[in-house]
Amino acid sequence: VQGLTRADLNEQVARERLLSCMGLPGEKSAALQLQFGESLPDLPASLETLPDVEAVLLQNRLDLQLMRMRMEELQRNLKLTRSVRFINVLDVGATRVQQGSRDSPYEHGFTVTLEVPIFDGGSTRVKKSAAIYAQAVDRFTQAAIEARSQIRLAYANYRAAFELAKQQRDEVVPLRQAAARENLLLYNASQIGIFELLSGARQQAAAFDGYVQGARDFWIAKSQLDAALLGNAARQRP
């Protein structure tokens, strides 16, 4: 009974959080009626492979795209036009610096780049503008580093959640089911009492509950991985 009460409360809390995130009024509103599935989908047959992180950053991360656009706007506002080199923020270091124009080759070439221009200071005004722009480059570089780390951690969590839920489904639940069937046979043969029978039933129910929780954790981890691959432009300051 207590478990059912807690489950009902958790469901209500989850509904209210969903409504809040969606910016919707209370579910009792005549215009709103949320419908949820009766159960979680089962685990997929296999895990998705982690895509190339650098390519994902270039193609999908909305937050980095937004930062890049703001850097270009900053460059125009500061009237910086004479770039002296380009750096790849995905692989920062002296060996990854492209000297000269954009057409100049990299010293140790690589295929995936997220490059930004670096401007040299001349007059006092240009030096100040270049310093302001350099700070933006540093922030952009750090954001790219953090984005790569976020994706890798999200994928590790995704893999771990899958393995835990799969073990619960394929090993723990069948074992508890077999034990419950054996206890029923023993009880019918008057070899164990009602308390032992109920104990086995509780363990079986706990195994099922463990799988449900594991499946929930997996799908949460999957959604977090998807969010990490896409990025969150809303977190960027205007």
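Student: In which helix is N183 found?
Tutor: N183 lies in helix α4. The model is predicted.

Student: Why does N183 count as buried?
Tutor: Buried means under 20% relative accessible area. N183 is at 19% relative accessibility, so N183 counts as buried.

Student: What makes I192, E196, L197 and G200 contacts of N183?
Tutor: Contact needs heavy atoms within 4.5 Å. N183 touches I192, E196, L197 and G200, with residues up to four places away in sequence not counted.

Student: Where is S190, and is S190 buried or exposed?
Tutor: S190 sits in the loop between α4 and α5. The cut-off for exposed is over 50%. S190 has a relative accessible area of 66%, so S190 is exposed.

Student: What is the phi of S190?
Tutor: The phi is positive, about 60 degrees, although S190 is not a glycine.

Student: Let us take α5. Why is K222 called buried?
Tutor: K222 is placed in helix α5. The limit for buried is under 20%. K222 has 14% relative accessibility, so K222 counts as buried.

Student: Which residues does K222 touch?
Tutor: E48 and Y158, not counting residues up to four places away in sequence.

Student: How do you know whether L225 is buried or exposed?
Tutor: L225 is also found in helix α5. Set its relative accessible area of 3% against the cut-off of under 20%: L225 is therefore buried.

Student: Which residues does L225 touch?
Tutor: I151, A154, Y155 and Y158, leaving out residues up to four places away in sequence. The C-alpha atoms of L225 and Q150 are 8.7 Å apart, and the two residues are 75 apart in sequence.

Student: Which residues are in contact with I151?
Tutor: L50, V53, V56, L57, R61, L225, A228 and L229, leaving aside neighbours within four places in sequence.

Student: Why is A147 called buried?
Tutor: A147 is in helix α4. At 1% relative accessibility, against a limit of under 20%, A147 counts as buried, so the label holds.

Student: What does A147 contact?
Tutor: L57, R61 and L64, once neighbours within four places in sequence are left aside. A147 and G231 are 84 residues apart along the chain, with 7.8 Å between their C-alpha atoms.

Student: What makes a set of residues a nonpolar core?
Tutor: The members are buried nonpolar residues joined through side-chain atoms within 4.5 Å. The largest nonpolar core here has 33 residues. L64, I151, Y158 and F218 touch the most other members.

Student: Which elements give two or more residues to this core?
Tutor: α2 (53-59), α3 (62-77), α4 (124-188) and α5. Among them, α4 gives the most, with 15 residues.

Student: Why might such side chains be found together?
Tutor: In soluble globular proteins, nonpolar side chains tend to be buried together.

Student: What is the volume of the largest pocket?
Tutor: About 1100 Å³. There are 22 lining residues, and N10, E11, A14, L40 and R216 are the closest to its centre.

Student: How many residues of each class line the largest pocket?
Tutor: Eleven are nonpolar, five polar and six charged. α1 (2-22) and α5 (194-230) each supply at least two residues of the lining.

Student: Now the whole protein. How many helices and strands are there?
Tutor: Five helices and three strands. From the N terminus the elements run α-α-α-β-β-β-α-α.

Student: What percentage of the protein's residues is buried?
Tutor: Of the 238 residues, 29% are buried. The protein exposes about 15800 Å², of which carbon and sulfur atoms supply 54%.

Student: What share of the contacts with a separation of 6 or more comes from residues 24 or more positions apart?
Tutor: Such pairs account for 72%.

Note on methods:
Residues are numbered from 1 along each chain as its sequence is written. This is a predicted model: local features need pLDDT of at least 70, side-chain atom pairs count only at pLDDT 80 or more; totals for chains, interfaces and linings use all residues. Side-chain values use heavy atoms; hydrogens and water are left out. Helices (H or I, at least four residues) and strands (E, at least two) are DSSP runs, numbered from the N terminus. Buried means under 20% relative accessible area, exposed over 50%, partly exposed in between (1.4 Å probe, protein chains only). Accessible areas come from the Shrake-Rupley method with a 1.4 Å probe; for residues, only the protein chains shown count as cover. On a 1 Å grid over the protein atoms alone, a cavity is a set of points where a 1.4 Å probe fits but cannot get out, and a pocket is an open set with protein on both sides within 12 Å along at least five of seven lines; lining residues have an atom within 4 Å of a point. Grid points are joined across faces, edges and corners, and a volume is the space filled by probe spheres set on the points. Ala, Val, Leu, Ile, Met, Phe, Trp, Tyr, Cys and Pro count as nonpolar, Asp, Glu, Lys and Arg as charged, and the others, Gly among them, as polar.
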